Amino acid sequence: MDNLDPTPSAPTVQMQGLTKRFGTFVAVDDLDLTITKGEIVGFIGPNGAGKSTTLRMLCGLLRPSAGSAFVAGYDVARHPEDVRAHIGYMSQKFSLYSDLTVRENLQFFGGMYHVPRREMASRMAQAIATAGLEGREDALVATLAGGWKQRLALGCAILHRPPVLFLDEPTSGVEPEARRHFWDMIHNLAGSGVTILVSTHYMDEAEYCNRIALINAGKLVALGSPGELRGRELGGELFEISCNMLGAGLAKLRQAPGVIDAAIFGDKLHVLLRDSATAIGLPLLLSQGGIIAGSPNRISASLEDVFVQLVSRGHVEGAHP
Amino acid sequence: MNGRRLFAIAYKETLQVCRDPRSLAIALLMPLLQMALLGYGVSLDIKNVSLCVYDQENSQTSRDLTSRFVASGWFEAVHALDSDRAIRQAIDRGTCIGALVIPVTFTKSMSSAGKANIQTIFDGTDANTTNIATGYAKGVIAEALTDFKNRWAQAHGLQPDAIGQIDLQLRVWFNAGLESRNFIIPGVVAVILAAVGAQLTSLTISREWERGTMEQLISTPVTAFEVMLGKLVPYFVIALIDAAFCLLVTIFWFQVPFRGSVTTLVMTTALFAVVVLGIGYLLSVRIRSQLGASQIALILTMLPTTMLSGYTFPIDQMPAPVRAVTFLVYARYYVSILRSIFLKGSSLADLAGPLLGLVIFATVIAYLAAIAFRKRLD
Amino acid sequence: MIGAATDIAVHVQGLIRRFGSLSAVSNVNLDIARGEIFGLVGPDGAGKTTIMRVLAGVLRPNAGTVTIEGIDVVSMPELAKSQISYMPQRFGLYEDLTVAENIFFYGELFSVPRAIRRERTGALVDAAGLRGFERRLAGQLSGGMKQKLGLICALIHTPKVLLLDEPTTGVDPVSRRDFWAILYGLREEGVTIILSTAYMDEAERCSRLALVSGGEIHHCDTPAKLKQAMPGALLAVSADNPRAARDALVGAPGVLGLLLMGDRVNVRVDDADMREPELRERLAGRAIPVMAITPVEPAIEDVFVALLGKERRDG
């Protein structure tokens with residue numbers, strides 16, 4: 001497979017048993033994942049889970065210790081240069097040169113990626129327009145706000161119209177409105193056939209992806225759409241209940257039968273029940289400890305809840321029990 | 001290789017260098033500074049050797065001889081002395097490098113075919129200068145003799161053969177063997193202390209800024225003075241240990257004679273340590289990057305100490321404006337004190353001048369250090 | 001419900017701080033009750049860190065008063081510092097010292113009596129899950145453990161007010177839960193906690209929030225009340241092709257906002273009951289298969305966007 005397969009849903013990123021070891025430390029452990037054209041897949045997991053290492057292998061910057069990966073049809077181990085010519089890479093915090101202007105940054109990346117000279121002018125104009133930076137072409141990047149820098153960084157990453165795009169922590173700390181604007185741009189790119197892989201530790205960002213790969217300690221812990229993960233992985237029903245003595249209430253609930261887990265959340269208690277029928281009896285249980293409680297409400301789990309449950313259960317996606 | 005990418009990289013780099021003040025300073029200012037310093041400031045020539053004159057006779061002839069020394073351009077008459085003790089004092093204090101003693105029987109000896117004993121006494125601490133100066137002295141005397149034989153004799157209606165001899169006695173004090181190492185090595189201690197001391201402390205505050213631990217530190221009840229003292233005390237101890245090591249090696253391994261008092265040595269070394277540690281600390285407070293602070297520390301310590309402290313190039317030989325600048329080179333006082341203590345066995349009274357300089361520096365730096373660090377982010 | 005905490009522990013009035021010509025914080029007013037967990041929520045550059053630094057007494061404001069437990073922080077910062085513990089974003093862990101040595105250092109800085117320090121160290125180390133790591137160099141701990149150690153050092157003396165600037169940035173979810181468990185425990189002891197965060201989801205865990213943007217505080221209330229203040233209601237439309245669904249709903253009546261997510265579209269409508277069947281009809285009419293339309297509780301991010309609107313231009 002040396003050329004890009006033109007069929008619409010052909011896989012553009014394929015990982016099979018991808019592994020990376022640094023001495024005895026296994027940073028990435030036997031990763032299997034296939035991403036099809038136009039998909040947005042999120043690599044979600046805490047810092048140190050192996051996301052950056054995986055991304056670097058996919059960019060051809062690190063050699064896999066075992067397994068294989070193909071990006072845009074090229075083998076990352078054997079043809080890293082070809083891989084790099086066909087991918088775009090955007091890291092919000094590190095891509096741009098803050099002591100160069102908007103225009104100079106675009107020119108630099110255009111030069112690095114060999115954008116044909118006759119296309120440069122029009123593509124630069126397009127990047128500036130999409131980022132909303134008309135009139136600020138000669139401003140130093142250091143003077144731009146986060147949202148603008150991020151859109152400019154994206155513009156630089158796609159100057160050469162790559163079929164695959166890697167985003168590394170693209171919107172951390174950016175204003176919510178700017179983040180939504182950015183993700184609109186990403187969805188449009190996906191709609192036009194670009195395959196996008198996002199790596200982030202920010203659970204909320206996962207909701208924007210078509211599919212999520214939850215990564216922990218180098219392993220794939222879960223794989224599915226946001227809805228699927230929230231629905232199936234929790235292992236119980238999540239309820240919230242308010243009471244007047246949170247600390248005491250927590251202790252009581254933790255010992256109650258049918259309770260998988262309980263924690264304080266804000267001014268309420270979140271409790272994970274094996275069976276939703278148990279919920280109705282909780283206020284009575286708490287009153288036996290002298291605690292006044294309101295009636296419990298069913299709430300939907302966040303991806304963070306799912307992640308915590310999966311990790312504490314030691315779950316690994318696709319692993320044989 | 002791809003020309004377009006190459007150009008892209010080179011162009012970007014050029015833009016960035018032009019926008020970075022520090023890179024520009026290194027690229028453009030440093031060469032200018034170095035050229036000026038090396039071109040004008042330093043020289044290995046020896047001229048204007050300071051000379052004190054003990055003219056016991058004080059006649060026209062003796063004054064004639066004295067003026068020859070000055071007229072030669074090699075010497076500069078700085079003081080007239082009136083006793084042997086005064087000579088001792090002048091050379092001990094460093095008021096002059098050499099002394100010329102003309103006996104009371106000079107004219108008589110010259111005019112009666114006798115032998116006139118002229119003494120020149122040199123401070124051998126600076127072996128290099130002394131070596132050259134003694135050469136000059138011989139030259140001046142030889143010329144004087146020839147001139148006496150011709151002109152002077154004629155003027156006084158004497159036969160050339162009737163003119164006496166001038167017997168030039170050259171005496172070198174303190175470093176009789178004129179070993180340059182006795183002169184250089186004590187100075188090395190100053191250079192080492194200056195470089196190491198300032199480097200160590202230049203990292204201390206800037207390291208906390210760089211690593212991010214400073215913000216939390218200043219939010220606690222600790223006082224700025226406690227921070228300064230707490231941070232500098234370990235380095236002070238290290239600096240003294242370093243100095244002790246270097247001085248012991250100098251005395252016992254290199255066998256440089258040590259004729260002075262240990263107490264004076266310890267005291268002056270401690271003062272110098274305060275100065276260099278303080279300078280490093282001040283840089284650390286002002287410059288929040290470790291690399292930046294240590295770079296500047298190196299420039300502010302090594303450069304002046306090696307070039308302008310009298311360690312390599314004698315201060316007397318520098319042009320007046322540069323000589324004026326050396327008063328600001330704190331190492332100059334310590335180098336001079338070190339050499340004096342080692343070779344001349346100078347007492348505190350003898351060292352009054354340089355000691356005052358060192359004390360002033362230490363006081364000023366200590367004061368600045370105490371007020372420099374503020375528990376504020378702005 | 002929390003016990004009534006009517007005493008004001010932290011009072012800020014008219015706070016202004018400029019950097020050159022840039023106004024980092026302008027006219028901030030806050031009253032934070034004792035025992036609250038108060039969150040300053042907003043993106044990078046909103047001014048949260050500046051506010052925290054002024055509260056901690058390490059930055060002087062250009063104007064305004066700040067009082068912590070009755071002490072004027074601006075005129076008597078050193079006195080205030082004995083009542084506060086501050087954990088900045090880049091917190092003060094010495095990577096070349098061990099866990100135990102770091103805790104000892106901070107204990108000494110705050111002159112904590114030895115017996116008390118030993119007892120508190122034991123309790124905090126257990127609560128943070130760091131038992132057994134006392135001899136490990138701080139630099140060799142994972143991100144989450146470093147954060148927890150930072151918290152221990154900040155708590156080794158008993159502050160009345162705890163200031164945390166973005167304390168869980170980059171921390172793994174499990175450590176983050178441990179961290180918050182410690183914070184809730186402190187709340188029970190009556191410690192006032194002020195924390196800043198850019199994580200909208202973390203904001204939900206606070207007693208009260210201030211939404212910060214452009215150096216100003218735009219809204220300040222409990223998470224529940226802020227959500228009620230958001231105009232309209234949220235419906236999640238799950239579809240296989242969410243993009244098509246989103247495009248189909250543009251311009252539909254009663255739709256206040258559309259947010260395209262990975263596997264659904266979040267639609268903000270003026271009246272959920274009324275609009276839900278209308279949306280179903282519209283999508284069916286365009287032959288877009290829909291899996292479900294369910295009402296969802298808005299997240300703090302939704303509230304932020306709805307209440308605060310347009311983004312700033314300059315950094």
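A:L303 counts as buried because 23 C-beta neighbours lie inside 10 Å, where buried is the label for a residue with 20 or more other C-beta atoms within 10 Å of its own, exposed for one with 12 or fewer, and partly exposed for one in between, with C-beta atoms placed from the backbone. This is a predicted model, in which local features need pLDDT of at least 70 and side-chain atom pairs count only at pLDDT 80 or more, while totals for chains, interfaces and linings use all residues. Residues are numbered from 1 along each chain as its sequence is written, and chains are lettered from A and ligands numbered from 1 in the order in which they are written.

**Around A:L303**

- A:L303 has its place in helix α10 of chain A, helices being DSSP runs of H or I with at least four residues and strands DSSP runs of E with at least two, numbered from the N terminus.
- Leaving aside residues up to four places away in sequence, A:L303 touches A:M203, A:A206, A:P226, A:L229 and A:R230; two residues are in contact if their C-beta atoms, placed from the backbone, lie within 7 Å.
- A:M203 is 100 residues away from A:L303 in sequence, yet their C-alpha atoms are 6.3 Å apart in space.

**Chains A and C**

- Chain A has 10 helices and 14 strands, and its C-alpha atoms fill a box of roughly 80 × 45 × 40 Å along the principal axes.
- Of the 321 residues in chain A, 49% are buried, and among its contacts between residues at least 6 apart in sequence, 71% join residues at least 24 apart.
- Chain C comes to 11 helices and 14 strands, its C-alpha atoms fill a box of roughly 75 × 45 × 40 Å along the principal axes, and 47% of its 315 residues count as buried.

**Where chain A touches chain C**

- The contact takes 43 residues from chain A and 40 residues from chain C.
- On the side of chain A that touches chain C, at least two residues each are supplied by α5 (146-157), α6 (176-191), α7 (226-232), α8 (246-255), β12 (259-265) and α10 (303-313) of chain A, and the largest share, 7 residues, comes from α6(A).
- By class, this side of chain A has 18 nonpolar, 17 polar and 8 charged residues, where Ala, Val, Leu, Ile, Met, Phe, Trp, Tyr, Cys and Pro count as nonpolar, Asp, Glu, Lys and Arg as charged, and the others, Gly among them, as polar.

**Two domains of chain B**

- Chain B is divided into domain 1 (3-43 + 179-372) and domain 2 (49-155), with bounds that come from an automatic or database domain assignment.
- The centres of domain 1 and domain 2 of chain B, taken over C-alpha atoms, are 40 Å apart, and their contact takes 11 residues from domain 1 and 9 residues from domain 2.
- α7 (180-211) and α13 (330-344) of chain B are the elements that give two or more residues to the side of domain 1 that touches domain 2, and the largest share, 4 residues, comes from α13(B).

**α13 and α14 of chain B**

- α13(B) and helix α14 (residues 352-372) of chain B pack at an angle of about 140 degrees with their axes 9 Å apart; axes are lines fitted to C-alpha atoms, for helices over the stretch in contact, and angles run from 0 to 180 degrees between N-to-C directions.
- α13(B) and α14(B) are therefore oblique to each other, since angles under 35 degrees count as roughly parallel, over 145 as roughly antiparallel, 65 to 115 as roughly perpendicular and the rest as oblique.
- B:Y330, B:Y333, B:Y334, B:S336 and B:I337 in α13(B) meet B:P354, B:L355, B:G357, B:L358 and B:F361 in α14(B), and by class this contact has 8 nonpolar, 2 polar and no charged residues.
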